[in-house]
Amino acid sequence: MKLGFIRHGQTNWNAEGRLQGSSDIPLNDVGRQQARDAVAVLGAGSWDAIVSSPLSRARETAEIIAAGLGIELGRSYDALIERDYGQAEGMRDEEWEKLWPNKDGGGIELLDSVVARGRAAIEQISADFPGKNVAVVCHGTIIRYTLSALAGVQFDSILNGSVSLTDNADGPWAVRSVNGETIGSPLAQ
């Protein structure tokens with residue numbers, strides 16, 4: 001089974017450097033183009049299904065990709081919702097960093113919780129689509145830290161519209177690429 005994690009396309013809050021987390025912020029036109037660009041990276045005929053987070057930016061990205069790949073849009077999974085940034089949602093980096101360095105406090109969801117949800121989502125998607133190749137549209141933090149936990153190495157930020165690949169061909173889940181870059185290149189820190 002192969003999972004392709006795609007970070008949703010850009011939103012105005014992404015462009016403004018604001019934390020959006022679990023806030024439901026829509027795609028902008030750049031984000032819609034990033035979703036169309038992801039279709040070429042994913043490749044038609046390679047995917048059996050596409051699922052997403054229920055937040056509108058992820059759902060619309062998945063709709064665009066599903067249409068481009070010629071596959072039906074699948075269900076959404078609550079476990080794929082982005083990290084809840086609590087009181088920091090909507091703030092720019094310089095604002096939240098003064099109040100909650102390291103994103104600790106202010107009702108910000110713990111990373112352990114984010115990773116647990118990411119792993120639970122992988123298990124549920126695997127159960128729902130056994131042996132299938134599934135494109136999964138969700139969010140940067142949940143992708144970054146879930147894949148980091150699977151690989152045992154810390155990855156840098158996940159880019160809007162990028163594709164990261166995992167599979168369980170050898171048994172346990174293995175991360176094959178992040179942001180379109182094959183693992184083994186200098187993207188892990």
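In this predicted model, the largest nonpolar core comprises 22 residues, and the members that touch the most others are Leu3, Phe5, Ile125, Val134 and Val136. Two or more residues of this core come from each of the following elements: the strands E1 (2-7), E2 (49-52), E4 (133-138) and E6 (174-178), together with the helices H5 (111-128) and H6 (140-151). Of these, H5 makes the greatest contribution to the core, namely four residues.

Attention may now turn to the histidines. His8 is located in the loop that runs between E1 and helix H1 (12-15). Is His8 buried or exposed? Its relative accessible area is 2%, and the residue is therefore classed as buried, the limit being under 20%. When neighbours within four places in sequence are left aside, the contacts of His8 are Asn14, Gln20, Arg57, Ala58, Thr61, Val137, Cys138, His139, Asn160 and Gly161. With one of these residues, Arg57, His8 forms a side-chain to side-chain polar contact of 3.3 Å. By C-alpha positions, His8 and Ser113 are separated by 21 Å in space, and by 105 residues in sequence.

His139, in turn, occupies the loop between E4 and H6. Its relative accessibility is 0%, so His139 also counts as buried. Beyond residues up to four places away in sequence, His139 touches Arg7, His8, Ser53, Leu55, Arg57, Ala58, Leu80, Ile81 and Glu82. The side chains of His139 and Ser53 are joined by a polar contact of 2.9 Å.

The aromatic rings remain to be considered. How many aromatic pairs does a search of the whole structure find? The search returns zero such pairs. Rings do, however, take part in arrangements with charged groups: the charged end of Lys2 sits over the ring of Trp47, at 4.6 Å from the ring centre. Likewise, the charged end of Arg75 sits over the ring of Tyr77, with 3.8 Å to the centre of that ring.

Methods: Residues numbered from 1 in each chain as written. Predicted model: local features only at pLDDT ≥ 70, side-chain atom pairs only at ≥ 80, totals over all residues. Heavy atoms only, no water. Core = buried A, V, L, I, M, F, W, Y, C linked by side-chain atoms within 4.5 Å. Buried < 20%, exposed > 50% of the residue type's maximum accessible area, 1.4 Å probe, protein only. Contact = heavy atoms within 4.5 Å. Polar contact = N/O pair within 3.5 Å; in protein donor to acceptor, adjacent residues only side chain to side chain. Phe/Tyr/Trp six-rings, centres within 6.5 Å; stacked < 30°, edge-to-face > 60°. Lys NZ or Arg CZ within 6 Å of the ring centre and 35° of its normal.
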